[in-house]
Amino acid sequence: MNSTSATILPRPLALDASASALRPDRIHVTGGTPLTGEVTLRGAKNLVPKAMVAALLGSGPSRLRNVPQISDVHIVTGLLEAHGVTVRTGEVRDELVLDPTSVDKADHAEIAAHAGESRIPILLCGPLLHRIGHAFIPDLGGCRIGDRPIDFHLDALRAFGAVVDKRADGLHLEAPQRLRGTKITLPYPSVGSTEQVLLTAVLAEGVTELRNAATEPEIVDLIAILQKMGAIISVLDNRVIHITGVDRLEGYTHRALPDRLEAASWACAALATGGDILVSGAQQGSMMTFLNVFRRVGGAFEVDDTPGAAGIRFWHPGGALKTLALETDVHPGFQTDWQQPLVVALTQAQGLSIVHETVYEKRLGFTNALVSMGAQVQLYRECLGGTPCRFGQRNFMHSAVISGPTKLHAAELEIPDLRAGFSYLIAALAAQGTSTVHGISLINRGYEDFAFKLGALGARFEFGENAVD
Ligand SMILES: CC(=O)N[C@H]1[C@@H](OP(=O)(O)OP(=O)(O)OC[C@H]2O[C@@H](n3ccc(=O)[nH]c3=O)[C@H](O)[C@@H]2O)O[C@H](CO)[C@@H](O)[C@@H]1O
Ligand SMILES: C=C(OP(=O)(O)O)C(=O)O
């Protein structure tokens, strides 16, 4: 089998997903080669689509830079266009120009076509209610790693004065009057609900006080964008955010923060395969919790913060990896999206590791496939970390004990969600033999040109037959 590194070229930023849609939806991966080389990050999957939504709030066009070529960006482009936003590539590399000045409609058929594709549509509510007084939101998609209700979102929108009607085709919302600032305490520091409140409060009348807010770096970057647009937002201690509504916001120019979740995925790939990867663009500040864990497990890293050449090099320094007990949590805790790739690396650690997933109740199901490759992973209903979580009394297999090191062998794998997908690629690269991984188009949701990057790192793989349409 030949490495495909010579035949896959990076694509320029384009606004349709046709190039990746023509690629086969399965990949044959031959393990045993340490991944070595350099990959470059671009804007964060968990910020860029929301920054695109924020453009709806502006009176003029916005310019978003460092936009990755991932399917969540294509989906939001389609959604915005269905409302009359003009989205085009800019003059600067990786730039999108989003012009909302002609927004006056909601094309229900076009919007409905995006049902089940991502979590982002729910964030259109506030901006659309401000802009055109009504919103139609199709069923949400996103990773199936828990029930993922939207009750916090809807309660918040009602508190602002929105009328929410749940119908068979999705949500229909109206704002009979201008939305009003309000006091909201989230039952849990939900990322999406915090963004919902921010995107709604900035143009609402009066002051909004949000308590128990999430404070992930992507949220801080969204606040920076809103501030550039003219919003007045104060982030206080103890997860409290105050937003003073204004009458008008302008367009913004912003460079999206780099994707710390992708960075950690490559770090885990280096660890699991015994490799050495320089992740260009990775920033220490947004990854401190991950870096501590990476070091405790026995990984080595080196931060380069030279302007223009910043990045973090991650490598396996040799010797046995160490075990640990870990709980996922909201920021500044260990991000749940880091958990799955790390678990693959933990299958190579000497002894017993414990992982307690406290953010999503079903995010450890992906380990069944690792077991089919020879990993020893036992799932438990109990909270095996130090802190009892919301899932402890509810019969969810949300704690894992991983016993290692185990030699992984090739298997046939079906990708259930985004991070599991990347994790299966890592596992296949760490395993002996050739694995077939099905459903790889899911990985395009959050990893730009992953095949090109894998090829550049020396991974051995080839795409299977049967292109997806
Ligand atoms: C596109 C995006 O940015 N996705 C990220 C976002 O997802 P997302 O914003 O969907 O995740 P949330 O932070 O909202 O969810 C966290 C927890 O809150 C619960 N919840 C949330 C909302 C609600 O109305 N009711 C409710 O019960 C969820 O079921 C989950 O158990 O943050 C997650 C947590 O960092 C990340 O894993 C996702 O990658
Ligand atoms: C859970 C994730 O994404 P989403 O919220 O878009 O499903 C993720 O990025 O790991």
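## Close-up views of a predicted model

**Figure 1. Asp165 stands opposite His172 in β8.** The view is taken from a predicted model. The strand β7 and the strand β8, which spans residues 170-174, pair in the antiparallel sense over 5 bridges. These two strands belong to an open sheet of 3 strands, ordered β6-β8-β7, in which the pairing is antiparallel. At its edges are β6 (134-137) and β7 (163-167), each of which pairs on one side only. From one strand to the next, the twist averages 15 degrees. Helix α5, residues 125-132, packs on this sheet and touches β6 and β8. The direction of α5 makes about 145 degrees with that of β6.

**Figure 2. An open sheet of 4 strands has mixed pairing.** The order of the strands is β9-β10-β12-β11. The edge positions are taken by β9 (183-185) and β11, and each of these strands pairs on one side only. Averaged over the sheet, neighbouring strands are turned by 15 degrees against each other, direction ignored. The pairing of β9 with strand β10 (residues 207-211) is parallel and runs over 3 bridges. Within this pair, Ile184 stands opposite Leu210 of β10. The loop between β11 (232-235) and β12 (241-244) contains Arg239. Most residues other than glycine have a negative phi. Arg239, although not a glycine, has a positive phi of about 60 degrees.

**Figure 3. Strands β4 and β5 form a hairpin with 6 residues between the strands.** Strand β4 covers residues 86-89 and strand β5 covers residues 96-99. They pair in the antiparallel sense over 4 bridges. Thr86 has Asp99 in β5 as its bridge partner. In this hairpin, Asp94 takes a positive phi near 65 degrees.

Figure 4. Most peptide bonds are trans. Pro332 is placed in the loop between β17 (325-327) and α11. Pro405 is found in the loop that lies between β20 (399-404) and β21 (412-414).

**Figure 5. Domain 1 and domain 2 are in contact.** The chain is divided into domain 1, comprising 18-41 and 258-463, and domain 2, comprising 48-255. Taken over C-alpha atoms, the centres of the two domains are separated by 30 Å. The contact involves 16 residues of domain 1 and 14 residues of domain 2. On the side of domain 1 that touches domain 2, there are 4 nonpolar, 4 polar and 8 charged residues.

**Figure 6. Ligand 1 lies between domain 1 and domain 2.** The shell has 22 residues, of which Asn46, Phe152, Ser190, Val191 and Gly192 come nearest. Two or more residues are contributed by each of α6 (151-159), α7 (191-201) and α11 (336-346). By class, the shell of ligand 1 divides into 8 nonpolar, 8 polar and 6 charged residues.

**Figure 7. Ligand 2 also lies between domain 1 and domain 2.** Both domains give residues to the shell of ligand 2, and therefore this ligand is placed between them. The residues that surround ligand 2 are Lys45, Ser118, Arg119, Gly142, Cys143, Asp337, Leu418, Arg419 and Gly446. This shell divides into 2 nonpolar, 3 polar and 4 charged residues.

**Figure 8. The confidence of the predictor is given for the chain and for the complex.** The pLDDT averages 93 over the chain, and 94% of the residues score at least 70. Over residues 1-19, by contrast, pLDDT stays under 50. For this stretch, the model has 36 contacts beyond four places in sequence. The complex receives an ipTM of 0.99 and a pTM of 0.95 from the predictor.

Methods
Residues are numbered from 1 along each chain as its sequence is written. Chains are lettered from A and ligands numbered from 1 in the order in which they are written. This is a predicted model: local features need pLDDT of at least 70, side-chain atom pairs count only at pLDDT 80 or more; totals for chains, interfaces and linings use all residues. A residue is near a molecule or strand if its C-beta atom, placed from the backbone, lies within 6 Å of it. Ala, Val, Leu, Ile, Met, Phe, Trp, Tyr, Cys and Pro count as nonpolar, Asp, Glu, Lys and Arg as charged, and the others, Gly among them, as polar. Domain bounds come from an automatic or database domain assignment. pLDDT is the predictor's confidence in each residue, from 0 to 100. Two residues are in contact if their C-beta atoms, placed from the backbone, lie within 7 Å. Two strands pair if DSSP finds at least two bridges between them. Axes are lines fitted to C-alpha atoms, for helices over the stretch in contact, and angles run from 0 to 180 degrees between N-to-C directions.
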